[in-house]
Amino acid sequence: MKNIIQINIFILLLFFIWGCSTTTEQTAKENTPEIMEAKEVRDQHTYAKPQEAVVKHLNWEARVDFERQQIEAVARLDIEVADKAEELYLDTKGLIIDKVTLGEEEVMAVYEMGDYNAVTGTPLIIKITPKTRRVNVYYTTAKDAEALQWLNPEQTAGKNEPFLFTQSQAILARSWIPVQDSPGIRFTYSATVQVPSRLMALMSAENPMKKHESGIYKFEMKQPIPAYLMALAVGNLVFEPLGTRTGVYAEPAQIEKAAYEFAELDEMLEAAEKLYGPYRWERYDLIVLPPSFPFGGMENPRLTFATPTILAGDRSLTSLVAHELAHSWSGNLVTNATWDDFWLNEGFTVYFERRIMEAMYGRPYAEMLAELGYQDLKQTVEELMGEGKEEDTRLKLDLTGRNPDEGVTDVAYEKGYFFLRHLEGLVGREKFDEFLKEYFEKNAFQVMTTERFIKYLEENLLKPNNIEIAGTTYSDWIYGEGLPENMPEVDAELFNAVDRQLQAWKEGTPAASLQTDEWSSHEWLHFIRNLPDDLSADRLRELDQAFGFTQSGNSEVLAAWFMHAIAREYEPAYPALREFLNSVGRRKFLMPLYKKLTETEAGGILARDIYKTARPNYHFVSVNSLDALLKYREETKK
Ligand SMILES: [Zn+2]
């Protein structure tokens, strides 16, 4: 394995040297950073050919039709073209193209749709000339557009109005806008969106803060972003300011709870800036979405999309907000060039997130988060190894021919985090912080490949500090499988007390007599996760009666508890489990719970029964994984 890896690095180096030597012969025009990047980086998940024609600005005019569950729109794309350009390649998936015109005078264009691919969709190929500066695409979205989730009123918190939200990452932006859907291609955008007048529209842009009687909303995003950060939410929403630069949007039924939960947002933003430099996106607001949102959060610039499952009532799950905020630097400013480099987005973000948490709540608190992260990582790596997916335990992935969503595992997040922590250990915190701060500044609004990062690391951190790292460092951490031997140690001292109580319970102390008064949800999570696997239902009942796990309002605690309940067929928890799976669409919870259920025959039957009613509440990215797990087919719907 290691040999193969070294050869790979060698080839990459060759590429780099070859890239440098040929550029000197090229015209100055072809040496713009965008074109250089495009040459170095090959994103397998886009049809775009940015060397020929690249989108620089999108002007989007759209009407959101809840009755038909579709968006009718025109995407006006300002492009930059090469000298001999003949075609503009855009990514689409399921879009119904009405017509395409060129320029402000809207001359009818010749275009064709290429071959459909189940992962990447269909290229829209438009004939252009080297003089073309604008292309206008008139289209509607498909009924089952993968990025869009249309909710009927019953699926919202308020139950009165419908709701629409998008989830574009990784490559779903193309299912609602014809764009060059690659993390390596950035553009600015403006938009005019018409929605029913009772509803408010929000985007990953400058936002309205109040409802407009006309139902027409205008948006401006002045900083260039990749397509996966395009976002839209429409619903009965209200705004509550939290600080001078921060605020929260939610349905009226949830706004008060949300404002309480995120009260420290301004402080968090300041802590982040103090660590790694100025926040570059002006405002930072949150929107709390209905429960079917498939992720914990999505770092849409200026407006993080968040799951209501973090409204724990005690501010205990706000590390998720620190995570999304940290993406304003890692990911949104310095962006993974392809989905194979996803760890550059997520590993850096987890590191940054834990540093924010440390700054706000102290090191013992942040170390609990790191330890829980380590437990997640260990389990994920074991599972992937057991399933014959060893390759997915590498930081640098090869997602050729696969859906990039398959690269979203704890490996990118936590192995990435521990690699950065390892680097911090090599040079000490002060130097590492300086390095990271400069990294974000120097590479702002650019893309990063794993190989460019390694080079940057060598030149800006290791060499200046005379650090010689072991020859196997990159193969162990980045290109190799499993976990390296030199994993940094976590010192979660607060968990020691939890371990002592757990031990006492195992040795006969009644659950009701354990000392758990000061515990946060992290301590509870550690306690539940480390319960023995072979508990009887009676022992589970004892815990449940003492601590009320089945009734917990904390989604993390609940999900961890249900894992034991399922394993030991502890039926008193089943009604709550059914309710949880029917209302929560967060994939992080859904996958392990359904998987656990399918481990027994009875559980499998229950899982399929729940899934039948719950499936319409889930977003495509959850459904996509769950259909495969539960062998769900459309004809079984009835
Ligand atoms: Zn993230």
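This is a predicted model: local features need pLDDT of at least 70, side-chain atom pairs count only at pLDDT 80 or more; totals for chains, interfaces and linings use all residues.
Local features need pLDDT of at least 70 and side-chain atom pairs count only at pLDDT 80 or more, while totals for chains, interfaces and linings use all residues. Residues are numbered from 1 along each chain as its sequence is written, and side-chain values use heavy atoms, without hydrogens and water.

**Zinc site.** Donors here are N, O and S atoms within 2.8 Å of the metal (3.2 Å for Na, K and Ca); water is not among the atoms, so sites may look incomplete. The protein donors lie 2.1 to 2.7 Å from the zinc ion.

| Residue | Donor atom |
|---|---|
| His323 | NE2 |
| His327 | NE2 |

The donor residues follow the spacing H-x3-H-x18-E. His323 sits in helix H5 and Glu346 in helix H6 (residues 342-361), 23 residues apart, so the pair links distant parts of the chain. Helices are DSSP runs (H or I, at least four residues) and strands likewise (E, at least two), numbered from the N terminus.

**Ser316.** This residue lies in the loop between strand E19 (303-306) and helix H5 (319-326). Ser316 is buried, at 6% relative accessible area. Beyond neighbours within four places in sequence, its contacts (heavy atoms within 4.5 Å) include Tyr365, Ser521 and His522.

**Helix H13.** In H13 (residues 521-529), 8 of the 9 residues are buried. Among them are Ser521 and His522. The buried residues pack against helices H7 (363-386), H12 (494-506), H14 (537-547) and H15 (555-567).

Key: Buried means under 20% relative accessible area, exposed over 50%, partly exposed in between (1.4 Å probe, protein chains only).
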